[in-house]
Amino acid sequence: MGEVSKNSGELGEKYVSNFLNLIGWTNHQEGLSIECIESEKHNTHNSKNGRKTHGIDKLYAYMSPMDTSTLIHSVISVKHTQNEYPSSPNNKFKEFMQDLAYTIECYHESELIIQNRDNYTIEDEKIIGLLFWLSTESDRNYSIINNLQNPRLNDDLQYDRIQIIDNDRMEYISNSIDLIKTEYKEYKYSFYYFETPNNIADKEKQSSGKILPIEMLNSDIQIFKLEKDKEIILVLVLKDNFHIDTLKRVFGLAHRLSNNLTSNVHIYFKNFEHEVQKNKNIVNNIKQQFKDKSFIDHTFVFGYDIGFKSTQVKSETTLEIPNEKLEKPSYDNGSLLPYGEHLRALLSSSLISASELNTLLKKKGIYICKPTKENTIPVLSSLILTPNEFEILKEHQKSKEDKEKRQDTKIKTVNKQNANDLKKHLKSFNLNKIDTNKFRNYEYKTPNINFALDKDKQILTAEYEIKRKQGNKSWHEQIDIFKGQVIIDCSKDELEIITKSISTAKETLYINRLIINHVKEQLKKAKVISETAKEEKILMNDMTNEEILQFLLAFTNNSKLKNIEFNDIISIDIEIDETVTLPNDSQIKWMEEKIKKLKLDGKKIEDIEILSKNENHKYLKCWGIVASFNFNNSIAGKGNVKIDFRFNPHNKNEFFIQINKIDYDKKIYLYRKIEEMVLTDIDNIKFTKHKEIMEKKNV
């Protein structure tokens, strides 16, 4: 057994050495040993005298072309099995990660790191772990990274970044380089170094070189610069299969990358049969949509890894280099694939969370020890993201702003109203006349507003759209369309109307407020409401900490729900209320110094001690919860809905509701019908519970 393990290890080492030579890491060190400085902590084998040393399979240090004056120490661990990858890889993965992280921790203080700094002038250095996890029996395109189930690593691990290379990753990069060597034998090739936020100010930065930077090891687009005499060709090899939308964005990427370098670009997609006439027509159709004809006429699309169908028809290339400076993109027109500084702008958006960026990195096999935005953004902006990865980021950014946020207020009326009579008092009006904001960054697509009447539901509805343009913002945020809606509800058997503000951006929230104020003025003139009538809002500041939690947890009470059934709380945002002193015997005293804000995620959060015990509530300020509900009825069929119940700190701490997602049978049922059903239950609890809390306060 020991001999088999040794042979497997030696074979893995050979595979990795060949690969490192292929990517230009030719002078890497091997078979190193360093002293362990954390003997007890790192004693994974329970040795009586603690751990003495760490073995480093391979090590490569180089000056980064992607990060100015930065020395990269690549600490490499090789794990190879002659069997298949495990079907449940998490435990083995955590073991490998712990071993490498402990090695990195001791490398920080080793004599070896000092030796590797010699002869370099540096301003910064990064120690990055590379875990090669390879299998002989598993398919060469098998990705163990995709089969990891979000493994939770030990909290005591100390490392900056560890990148995973598996069969699939190693095969893709090897194929990319072999492709260049085979198809372009007469050309000298190098790896192309694009501009990143970390090297943009470097006057001496290289545009290409013989070393593939560590950042690009986990990128799904590899870029090569080919030279022969005065001819230059830029080649992009994609890991993904061909797709029309993907090609549009890759054309845009290639256009920007090739500016002032060459107009000769070759793009390769895996398994794409480029000689099939149907595929030729698709490519030519997309080319026709591209404005810069001098560029697109010298850009060609090929397939690789297609066996005998890979015959490449050599096309004429040009030696001309475009003279014009490419303009910066002003908005996403569907053909942009940002990188470097433009990508950093998107990643920095407050609508894309650190958790979402961390998830994207993990899918690429990159693990960050402390995945704050400060740590994840520099890594991602030094990669070339694929169009699919870019779409995921755009969806995160867009969906959070696009989702309808609902806020309701009540206004007492002099007499009971019906929607038909109310409409007579609410004449059509122009939004431009009531919106006096001289510095607004939007224009109205539908400025004339007229309340539509629904007699059956006893509601009036006003809808509009705005086109927002913000020149001071990043390109991806500059132009967008947002909808707003105000509903006047007269259906209750009480002397009141309910105004419902439905917004998709901060601008529409502001406009909704203008509309509601306009409605109030018109109804005061008509004597429908008194001159002193005030809106009744649900505000955090009007309730104690205990009452806020009572209010939010009321939505989880199934006895009050008719059409939907509470399932569980997905997440909850709480913080220690700094205006309240925690007594020394409090069960949550430990949180006072260690935790100010806390976001809890997972199953049965409502059963956690700090929430389940009422005596803790006075010390906790809860900003909101996300809860899931099930439904199974004739209105909506069988499905699930996730709802965000939250107080908005940017809008006077006013309560709002946002439906995050509804899972249902789209072939049979209508989204709006299900939404209406869900909100009927939620609104009943919202108004009833708030009224109950406020009445108790006034007793």
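Visitor: Which Phe residues do ring pairs link into a cluster?

Guide: Rings of Phe, Tyr and Trp (its six-membered ring) pair if their centres lie within 6.5 Å, and planes under 30 degrees apart count as stacked, over 60 as edge-to-face and the rest as tilted. Here the cluster joins Phe 551, Phe 555, Phe 566, Phe 629, Phe 645, Phe 647 and Phe 655. Please keep in mind that this is a predicted model, in which local features need pLDDT of at least 70 and side-chain atom pairs count only at pLDDT 80 or more, while totals for chains, interfaces and linings use all residues. Residues are numbered from 1 along each chain as its sequence is written, and side-chain values use heavy atoms, with hydrogens and water left out.

Visitor: How many aromatic pairs are there by this rule, and why is the pair of Phe 93 and Trp 133 stacked?

Guide: The count comes to 31 aromatic pairs. The ring centres of Phe 93 and Trp 133 are 6.5 Å apart with their planes at 15°, so this pair is stacked. Phe 93 counts as buried (under 20% relative accessible area; exposed is over 50%, partly exposed in between, with a 1.4 Å probe and protein chains only), at 0% relative accessibility, and Trp 133 is buried at 3%.

Visitor: Which residues have the most contacts inside the largest nonpolar core?

Guide: In soluble globular proteins, nonpolar side chains tend to be buried together. A nonpolar core is a set of buried Ala, Val, Leu, Ile, Met, Phe, Trp, Tyr and Cys residues joined through side-chain atoms within 4.5 Å. The largest one here has 86 residues, and Trp 25, Leu 217 and Leu 236 have the most contacts inside it. A second, separate core of 38 residues includes Phe 551, Ala 554, Trp 623 and Phe 631.
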